[in-house]
Structure formats: structure tokens, C-alpha cells
Amino acid sequence: MIGLFDRLARPLLRALDPEDAHALSLQALRYAPLMRSVSDDRRLSVRAFGLNFPNPIGIAAGYDKGADVPDALLRLGFGFVEVGTITPRPQAGNPRPRLFRLDADGGVINRLGFNSQGADAVLRRLAARAEAGGIVGINVGANKDSADRVADYVALIERFASVASYVTVNISSPNTPGLRNLQQATALDDLLARVVDARERVAPNAGPTPVLLKIAPDLSLAELDDVVGIARSRRVDGMIVGNTTLSRPPSLRETKLAREAGGLSGSPLGALATRMLAETYVRVEGVFPLIGVGGIDSGAAALAKVRAGATLLQLYSALVFRGLGLVTDIKSALVRALERHRFDSLAELTGADAAAVTAEPWPQ
Ligand SMILES: Cc1cc2nc3c(=O)[nH]c(=O)nc-3n(C[C@H](O)[C@H](O)[C@H](O)COP(=O)(O)O)c2cc1C
């Protein structure tokens, strides 16, 4: 079914404007008669943040921003789905065009700017599927014109805690002016204090809701020291490393498109994101798990992320170029790696190369 979907849909989707293609793929998933995918190899199961993941591969935030198709994505074989980013009030985002495919590089540049249906619509949809099971996390952000951005995060956590498997605090989108300033030490400490406090306040009714922090791969190592220190002292449950990059590797072949403003993702982000993941892993010292994201485009890239420090993985851009079959390929590659080492779980590989990766020259 996935192979058929990929063969029929991808040539068509690749011929369309990227944003139209995205909308069409959501429509296709909404109406496709998908059967539950075959059960995952039990060695791929992961326990993290108090949750049981059937496999470690999630779809990253930004694909299903409005929680339109989380159950279809779970049926396709993702171990978890992160919906959002959701903002409290609906907002249109930046004017189109704002999404660009760098075909020769396997990359994507987006400056969507948190186009969001707003909390009410998304909450209704998630409440309607609450009994369906599966791990569905919610990525939250602030409205562009908000007078109090921290209050936006707090309000979203209070509202979504009861329907979210976990909540991701996204302060790393490059497309909302000033948002990344929340990664600065004083602002971050205040934000996380209030967010964790909100989570505790609603826990008696909503149950325990893990809070994850999603960071940019563009932080300096001194900034990363601060961010990890604060995340640890405020007791977040995990970090996601990371979001899109504002940098443009010199190796990019689509030089004209590379000049578009926005965040770069996909294959050209891989080396930087994996380096930042390893840098984060050595600073976290096992206090909480990490989700590795950025440029996962093959089984080998997924394995490298695990070895650099990821307990869980997420991907998005490579699906545009490789199709949904990539998820199955990655699972097979991970199982083969476990068999090679005679390991029973990926935890035994997590971080195995972290120190070595941090000793390499900084990726270009
Ligand atoms: C079109 C697009 C939209 C995105 N929107 C969001 C978003 O709303 N919130 C967020 O935290 N990350 C967003 N991301 C970033 C992804 O979640 C991910 O961190 C990044 O793309 C790196 O992974 P990848 O190389 O596998 O795509 C978006 C990425 C793309 C390509």
C-alpha cells in the first residue's frame, strides 16, 4: 500500500507547487483507506518520558500542523506524531511563496511563519480522537502579534495537556521575528519555570504531560551550555535537536533557491543537526532523553543519529524526496544494526559515538 501510494503520488506531488503538494498529500491521507501497518519488531520499541513508543521514528512538527491526519500517520508506521506548531489564535503566516524544494540537494527552505488554525480547531480534533491511542505530541508556539509570548505557551499547555501525549515548547522557529530570543538564558529560565508550573497545575486533571524543549541547530556552544543547564535545572523531560537552520552550507547546489529567506531542512542540515545532537548529549549526561531531528534521509543517517545521542528520531523533509517507504527502510536498517551487535534495544547504541562526533572538525 505504501509502495503503491509512493509510486502513484510522488511524481504528481513533485510536479506541483510545494505548498499545494503538501495540502494534497494531507487530503490523500485523510481519505486513503489505510490498514494498520504490520507490527514493529519488538526490539524497536522505546520507553521514554514515561511513554511506550512502538518504534522510534516520528513525523516532525510542521507536516500535520492542524492535527488533520495523526491516525493515518500512525497507521502508516510512524511510532509517534508531533502535530503543530499550534498558536493560541489562528494566524495566516507569511505570504506565499514561502516553501521551496531544493531538489538537487534534497533540501527544503520554509518561511511559513506559524500558519496555524489556532487552538480551538485543533483541540476539537484531538479531543475527538482521544480514545484512538497512539502517541500524539503537540508542538506549541506564540502568536506573531502576541503581547505576552510566555503567556501563549502557558495557555496552550493548560489547554492541551489532557489530549497530548507530550508537549513541545518550540522556541526555535526562525520565521517568527524574535522568537529565538526566548533561547537566551534569562528569558528561557522564566519561560520554562512558568511552563513547568502550568504543567504541574493541570496535572491533577490532565495527568502527567512530558514537556520537551525544541532548540535551533544554530546556537553557539556557549549558548547550548546555558540552554542545557536551564533545561536540566527546570526539569524538562527531554529536548528535540533540532529545528531548521538559517545557515547555508557552501555545498548547496541550488544556489539561487538557497538565497530564499527561511529555515533550511533535509539532507543539507544533517551534519550540523547531528553535531548539535552530540554536543547536547554530552552536556545532558543522561538526565533526560533526546529526540534527534534534521536531515534523516536513510537508514544510515538514522543510525548515525542514534549513535550521536538520540533515543527517538523525527523526520519530515526526506519524505518529500524519498516517500513513505523511507520509514520502512529505516526500521529495517535499525533492526539490522541491532542484529549485527546482538543488542536487544536501541538504548545500547544511543550516544555510542557522541564523544567522537564532538571531536570532529565543525561541519561545513
Ligand atoms: C515545511 C516545514 C514546516 C515546518 N514547520 C515546523 C513547525 O511548525 N514547528 C516546528 O517545531 N518545526 C517545524 N519544522 C521543522 C521540522 O519539524 C524539523 O525540525 C526540521 O525540518 C528538520 O527535520 P528534517 O530535515 O527531517 O525536515 C518544519 C519543517 C518544514 C520543512
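This report walks through helix packing, the ligand surroundings and some backbone details in the model above.

The model is predicted, so local features need pLDDT of at least 70, side-chain atom pairs count only at pLDDT 80 or more, and totals for chains, interfaces and linings use all residues. Residues are numbered from 1 along each chain as its sequence is written, and side-chain values use heavy atoms, with hydrogens and water left out.

## How the helices pack

Let us start with the helices. Helices (H or I, at least four residues) and strands (E, at least two) are DSSP runs, numbered from the N terminus. Two packed helices are described by the angle between their axes and the distance between the axes. Axes are lines fitted to C-alpha atoms, for helices over the stretch in contact, and angles run from 0 to 180 degrees between N-to-C directions.

| Helix pair | Angle | Axis distance |
|---|---|---|
| H6 (residues 185–206) and H7 | about 20° | 10 Å |
| H7 (residues 221–233) and H8 (residues 270–284) | about 45° | 10 Å |
| H8 and H9 (residues 299–308) | about 20° | 8 Å |

Take H6 and H7, which pack at an angle of about 20°. That angle makes H6 roughly parallel to H7. Angles under 35 degrees count as roughly parallel, over 145 as roughly antiparallel, 65 to 115 as roughly perpendicular and the rest as oblique. H6 passes H7 in a right-handed crossing; a crossing is right-handed if the near helix is turned clockwise from the far one by less than a right angle, and left-handed if anticlockwise. On the H6 side, the contact (heavy atoms within 4.5 Å) uses Ala-185, Leu-188, Asp-189 and Leu-192, while H7 brings Asp-226, Val-227, Ile-230 and Ala-231. This contact has 6 nonpolar, no polar and 2 charged residues. Here Ala, Val, Leu, Ile, Met, Phe, Trp, Tyr, Cys and Pro count as nonpolar, Asp, Glu, Lys and Arg as charged, and the others, Gly among them, as polar.

H7 also packs against H8, at about 45°. That angle makes H7 oblique to H8. Their crossing is right-handed. Leu-221, Leu-224, Asp-225, Val-228 and Arg-232 of H7 touch Met-276, Glu-279, Thr-280, Arg-283 and Val-284 of H8. Sorted by class, these residues are 5 nonpolar, 1 polar and 4 charged.

H8 in turn packs with H9, their axes 8 Å apart. At about 20°, H8 and H9 are therefore roughly parallel to each other. Gly-270, Ala-273, Thr-274, Leu-277, Ala-278 and Tyr-281 in H8 meet Ala-304, Lys-305 and Ala-308 in H9. The classes here are 6 nonpolar, 2 polar and 1 charged.

## Around the ligand

Now for the ligand. There are 25 residues around it (a heavy atom within 4 Å), and Ala-61, Lys-65, Thr-85, Gly-295 and Ser-317 come nearest. A backbone N or O atom of Ala-61 lies 2.7 Å from a ligand oxygen atom. Asn-139 places a polar side-chain atom 3.0 Å from an oxygen atom of the ligand. For Tyr-316, a polar backbone atom is 3.0 Å from a ligand oxygen atom. A polar contact is a pair of N or O atoms within 3.5 Å.

## Backbone details

A cis peptide bond joins Gly-84 to Thr-85, with omega about 10°. Another cis peptide bond runs from Val-241 to Gly-242, with omega near -5°. Gly-242 sits in the loop between strand S10 (238–241) and strand S11 (263–266).

Finally, look at Arg-235 in the loop between H7 and S10. Arg-235 has a positive phi of about 60° although it is not a glycine.

Conventions:
Polar contact = N/O pair within 3.5 Å; in protein donor to acceptor, adjacent residues only side chain to side chain.
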